[in-house]
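Good morning. Please look at the screen, and I will go through a few parts of this structure.

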Amino acid sequence: MSTPGRILFAVAAVCTACGQANFTPDCNIPARGDRARPAAIAVLPDGNAVVAHGDQDESFCGGFLTVHDPTGAEVRDPAMIPVRQGFEANFSSLVLTDDVLWVAGRRYGNIAALDPGTLEVRFLIEESLSDLLVVAGKRRIGAWLPLDGRPEIRWFSESGDLEAALQTSLTRLGAGGWDSANRRIWLGFDGGSNLQYVSADQLDQTSPVFPLGVGTNYSTRGLAVTGGQVWISDYSKALVARIDAGSGEIVDASEVGFRPEGLSAGPDGRIWATDGSGDVYVRDNDWTLVRSGLDRPIGLAAGAGMAWVSDFAENLVTTVSAP
């Protein structure tokens with residue numbers, strides 16, 4: 001069953017000369033060991049993880065990126081992201097496609113396309129107030145924008161060209177994931193909506209899925225796709241559900257912690273989850289609590305036998321190992 005969406009063509013300005021920020025002499029340039037409200041995390045092609053710091057407290061010259069190896073150690077100096085000084089960056093999303101590292105945040109106002117090797121900014125997609133980015137193939141992303149009651153996903157190519165825009169549910173997009181086997185972009189909405197997917201070959205149409213029964217709503221805050229299965233965390237029901245990516249039918253569902261949020265799939269097939277009480281869980285054959293006592297874990301990215309976690313409230317980037 002498919003539900004036609006409304007396809008829109010908006011204007012997006014790409015700035016190729018915006019890669020460097022100008023800072024006044026009295027602002028602080030971050031050094032190794034500095035943290036500034038770490039949030040989103042993505043795993044780089046070399047096996048290290050990059051973490052976006054929003055600098056909401058305005059302690060530095062703006063938002064920046066840090067890179068950490070699987071032990072949690074920083075492996076290079078922080079890389080600045082161009083923002084206006086004193087402007088609250090709030091980098092809430094960070095994703096990697098085939099050759100581009102993308103970073104965005106509604107209060108940042110732009111989507112930045114970076115070289116994943118050097119972390120230098122290639123270009124900015126200006127005036128794109130996106131809360132969440134979704135990988136939509138090797139060379140495409142989707143950016144969800146709230147737009148004053150008419151939210152939409154804008155699909156951008158790796159060069160920043162706007163390919164299409166699709167109006168979505170009024171509820172906030174909580175998470176998304178790329179299903180390479182079926183060429184689908186899975187979308188989970190946070191706040192009483194259904195699970196949906198969009199075909200990479202038909203960006204103007206969404207298809208709803210009801211693995212827990214027709215009419216069932218979800219509050220999805222985490223989503224991961226691996227091994228032909230889609231994993232979603234339902235914050236309101238305190239469940240993590242596993243869904244067959246081909247049929248959309250449920251495989252199983254488990255209670256995980258207190259209101260599960262972030263999800264990430266590792267290259268070894270393990271699934272990692274964070275919850276609202278600051279705990280971290282990993283699933284091999286069953287769910288196991290591997291870390292507790294974090295304050296506000298926001299970012300989660302899985303590696304081989306471990307995961308990186310960012311604690312926004314405690315200004316902490318840490319690693320957790322599987323048992």
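A word on terms before anything else: a residue is buried under 20% relative accessible area, exposed over 50%, and partly exposed in between, with a 1.4 Å probe and protein chains only. By that scale Asp 98 is partly exposed, with a relative accessible area of 42%. This is a predicted model, in which local features need pLDDT of at least 70 and side-chain atom pairs count only at pLDDT 80 or more, while totals for chains, interfaces and linings use all residues. Residues are numbered from 1 along each chain as its sequence is written, and side-chain values use heavy atoms, with hydrogens and water left out.

Now back to Asp 98. What does Asp 98 form with Arg 139? The answer is a salt bridge, meaning a side-chain nitrogen of Lys or Arg within 4 Å of a carboxyl oxygen of Asp or Glu. Here the closest N and O atoms are 3.3 Å apart. Asp 98 sits in the loop between β8 (93–96) and β9, and Arg 139 in the loop between β12 (132–135) and β13 (140–145), so the pair ties together parts that are 41 residues apart in sequence. Strands, like helices, are DSSP runs numbered from the N terminus: E and at least two residues for strands, H or I and at least four for helices. Arg 139 is partly exposed too, at 45% relative accessible area.

The whole structure has 17 salt bridges. Another of them joins Asp 252 and Arg 242, at 2.4 Å from N to O. This pair links distant parts of the chain, with Asp 252 in strand β23 and Arg 242 in strand β22 (residues 239–244), ten residues apart. Asp 252 counts as partly exposed at 21% relative accessibility, while Arg 242 counts as buried at 17%. As for shared partners, salt bridges join Asp 98, Arg 139 and Glu 158 into one network.

Next, strand pairing. Two strands pair if DSSP finds at least two bridges between them.

Ile 153 stands opposite Leu 166 in β15. These two strands form a hairpin with four residues between them, and Gly 160 in the turn has a positive phi of about 90°.

Last, the cores. In soluble globular proteins, nonpolar side chains tend to be buried together. A nonpolar core is a set of buried Ala, Val, Leu, Ile, Met, Phe, Trp, Tyr and Cys residues joined through side-chain atoms within 4.5 Å. The largest one here has 19 residues, and those with the most contacts inside it include Val 50, Leu 65 and Leu 114. Strands β4, β5, β6, β9 (101–104), β10 (111–114) and β11 (121–126) each supply at least two residues of this core. Apart from it lies another core of 15 residues, among them Trp 144 and Trp 155.

That is the end of my part.
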